Amino acid sequence: MDYSAHFAEALARLRDEGRYRVFADIRRRRGAFPAAERFGTEGTREIKVWCSNDYLGMGQHPAVLAAMHEALDTAGAGSGGTRNISGTTHYHVELETEIADLHGKTAALLFTSAFVANEATLSTLQKLLPGCVILSDEKNHASMIAGIRNGGGPKQIWKNNDLADLEAKLAALPRATPKIIAFESVYSMDGVIAPIGAICDLAEKYNALTYLDEVHAVGMYGPRGGGIAERDGIMHRVDIINGTLAKGFGVMGGYIAASADICDAIRSYAPGFIFTTSLAPAIAAGACASIRHLKVSDVERTRHQERARTVNRRLKAAGLPVMDNPSHIVPVLVGDPVHCKRVSDTLLDRFAIYVQPINYPTVPRGTERLRITPTPAHSDADIDALVAALGTLWTECELARGAHVVAA
């Protein structure tokens, strides 16, 4: 086999389809977010970032930075190993305590990312519960799909947020069969929100566990940033909550929060936890400071929601096809991978606005989009510039307009 030709051909297919991804070489400036520097062949240029998952700008918050500096000066750079072999520091213990308290659970378990947390937990749960059937929402994140697949057990896919479809599948299974309903609170590409309470009703009716991914909601919803389940007053009804420290909390890492026995079982059996070096102490300290701040401050959440509503409203008023949803995510439908990349590239090169194109396999073919994520730090002038630039490009590229489209 000509290995080089094989890889080159695979990359050529992506380029031909307009799906080849190019990384933007940027550097955020502390205290100036969403401004950043873009590095190119002709030097650096200031840009405005409109696609960051640091939704609240907590990666720039003084309390977070101070905690990270203190931990770095006190404990050094790395953790020294896995949690089983010298890698459990006091910073990790403090952070798990804060997370458990945030979600009203008796325990929490840290991972290096929410992807790893999902993959390790969902695959291990199937091994601990012989014959367990996973009922997975069709729009679940790739990390959940990977965990379910790697668990090797039976699974059933139910239509996104479709309670009738979920109940039909639950009713067809014997009551004594172990069952886990796996779903998300905010689906990150469409921005739709799950009916968590109604799903918990079905779980109780049919004797199933609930596994809720709150990655795109923690920090941003609820009185203390506990997510959609906290906002809706139903955290106590969810068995296992997965979250991230890399989005609303602005740092890095992932976790689960659940009963002490569930967390202990995953800690003791999951290879993705056992054999991975733990988070650096400075990262754990920064995440802990971020959670503590957002438990008592609603300023960031209030401003964030207002900015998201404003961007949504302004884009609709300009006739752009915003995919309507009740969350903070503002997707604008393009519907073609080549046009999507062209708009994204031109926004960056000509208007100094950074919004990455979202193409297959992240979203279904024909639903390619720009995924805009307003933050509390985006100004009215930033919004004016974004709306004007998109309006210009929609005209130049002869793209379809419309007041809005409903997220599928």
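This is a predicted model: local features need pLDDT of at least 70, side-chain atom pairs count only at pLDDT 80 or more; totals for chains, interfaces and linings use all residues.
1. The protein contains 14 helices and 16 strands.

2. Along the principal axes, the C-alpha atoms occupy a box of roughly 60 × 55 × 55 Å.

3. Of the 408 residues, 54% are buried. The accessible surface amounts to about 17200 Å², and carbon and sulfur atoms account for 56% of that area.

4. The contacts reach across the sequence. When contacts between residues at least 6 apart in sequence are considered, 72% of them connect residues at least 24 apart.

5. In soluble globular proteins, nonpolar side chains tend to be buried together. Here the largest nonpolar core comprises 60 residues, and L95, I99, I181, F183, I196 and L245 have the most contacts inside it. Helix α11, spanning residues 281-296, supplies the largest share of this core, with 9 residues. A second, separate core has 24 residues, among them V322, I353, L386 and L390.

6. Beyond its neighbours within four places in sequence, I181 touches L135, W158, L166, L170, I199, A203, A208, L209, T210 and Y211.

7. K105 sits in the loop between α3 (90-102) and β4 (107-111). Because its relative accessibility is 15%, under the 20% limit, K105 counts as buried. Apart from neighbours within four places in sequence, K105 has contacts with A100, M235, H236, V238, D239, I241, A257 and A258. Its C-alpha atom is 17 Å from that of V215, a residue 110 positions away along the chain.

8. G31 belongs to the loop between β1 (26-28) and β2 (35-40). With a relative accessibility of 69%, which is over the 50% limit, G31 counts as exposed. G31 and E119 are separated by 88 residues in sequence and by 35 Å from C-alpha to C-alpha.

9. The loop between β1 and β2 also holds P34, and the peptide bond from F33 to P34 is cis, with omega near 15°. A cis peptide bond likewise leads from Y360 to P361, with omega near 10°. P361 is placed in the loop between β14 (357-358) and β15 (369-372). A reader inspecting the backbone may wish to view both sites.

10. Positive phi values deserve a separate remark. N161 is not a glycine, yet its phi is positive, at about 60°. This residue lies in the loop between β6 (155-158) and α6 (163-171). N161 is buried, since its relative accessible area is 19% and the limit is 20%.

11. E398 also has a positive phi, near 55°, in a residue other than glycine. E398 is located in the loop between α14 (380-396) and β16 (404-406). Whereas N161 is buried, E398 is exposed, with a relative accessible area of 72%.

How values were computed. Residues are numbered from 1 along each chain as its sequence is written. Side-chain values use heavy atoms; hydrogens and water are left out. Helices (H or I, at least four residues) and strands (E, at least two) are DSSP runs, numbered from the N terminus. Buried means under 20% relative accessible area, exposed over 50%, partly exposed in between (1.4 Å probe, protein chains only). Contact means heavy atoms within 4.5 Å. Accessible areas come from the Shrake-Rupley method with a 1.4 Å probe; for residues, only the protein chains shown count as cover. A nonpolar core is a set of buried Ala, Val, Leu, Ile, Met, Phe, Trp, Tyr and Cys residues joined through side-chain atoms within 4.5 Å.
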